[in-house]
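Student: Before we begin, could you take me through this structure by setting each value against the definition behind it?

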Amino acid sequence: MNNPYYIQVKATEHPKNIRSFNITPNSWRIYLISETNNKSSCHFYRDASLIREEYPSEGKKIKTMVRVLGQKCESGKPLKDLYEEKACHPIHTFDLDGVEIKVWRIRSGKLRLCFIYGSVEKSIIVLRLLYKPKDKITSEEKLSLENLAKKAIKDDVSSFDQRQL
């Protein structure tokens with residue numbers, strides 16, 4: 001299994017100007033997962049692009065969702081403490097080598113940002129962005145999330161810094 005690549009999210013361009021997140025040693029760091037060293041293979045970017053194509057009104061909502069996530073990560077507190085329970089909770093749990101792994105989701109309207117807590121200290125790995133008119137995730141979506149989570153969890157943490165894009 002090839003180690004994935006990561007794109008750290010440090011800023012957002014919404015609503016008008018670039019706004020950097022205040023990242024301290026205690027802050028959560030947000031990473032997007034990519035299959036290759038090409039940013040176009042980043043699952044979040046592909047998902048966001050498809051959602052914007054099919055549902056143009058969701059474009060600003062995606063940027064707002066990332067901006068709010070970045071602001072909440074600044075404190076370093078667990079995300080479940082910073083969002084309402086209906087907005088942030090586990091959506092899928094699976095077993096990996098005897099360890100229970102939780103895939104979390106942040107809900108904003110019909111958007112679902114799916115993530116895990118990463119192996120690298122204070123990291124959040126964004127797996128996918130889903131458009132869900134209904135809350136229930138499909139078995140195909142569960143499998144996709146699980147496969148990406150496994151790649152991130154089994155990742156070679158010692159080379160993490162060299163695989164940031």
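Student: What is the order of the six strands in the open sheet, and what is their pairing?

Tutor: This is a predicted model, in which local features need pLDDT of at least 70 and side-chain atom pairs count only at pLDDT 80 or more, while totals for chains, interfaces and linings use all residues. Residues are numbered from 1 along each chain as its sequence is written, and side-chain values use heavy atoms, with hydrogens and water left out. The order of the six strands is 1-4-8-7-6-5, with mixed pairing; strands are DSSP runs of E with at least two residues, and helices are runs of H or I with at least four, numbered from the N terminus.

Student: What makes strand 1 and strand 5 the edge strands?

Tutor: Two strands pair if DSSP finds at least two bridges between them, and strand 1 and strand 5 (88-96) each pair on one side only, so they are the edges.

Student: How do you know that strand 1 and strand 4 pair?

Tutor: Five bridges join them in the antiparallel sense, against a requirement of at least two, so they count as paired.

Student: Why is K102 called partly exposed?

Tutor: Buried means under 20% relative accessible area and exposed means over 50%, with partly exposed in between (1.4 Å probe, protein chains only). K102 has a relative accessible area of 37%, which falls between those limits, and therefore K102 is partly exposed. K102 lies in strand 6 and, not counting residues up to four places away in sequence, touches P90, H92, T93, F115 and I116, where contact means heavy atoms within 4.5 Å.

Student: Which residues of helix 1 are buried, and why are they said to be on the same side?

Tutor: The buried residues are H43, F44, D47, A48 and I51. They cover an arc of only 125 degrees around the axis, which puts them on the same side of helix 1; the arc is that of the directions from the helix axis to the C-beta atoms. The face turned away from this buried side carries the exposed residues L50 and E53.
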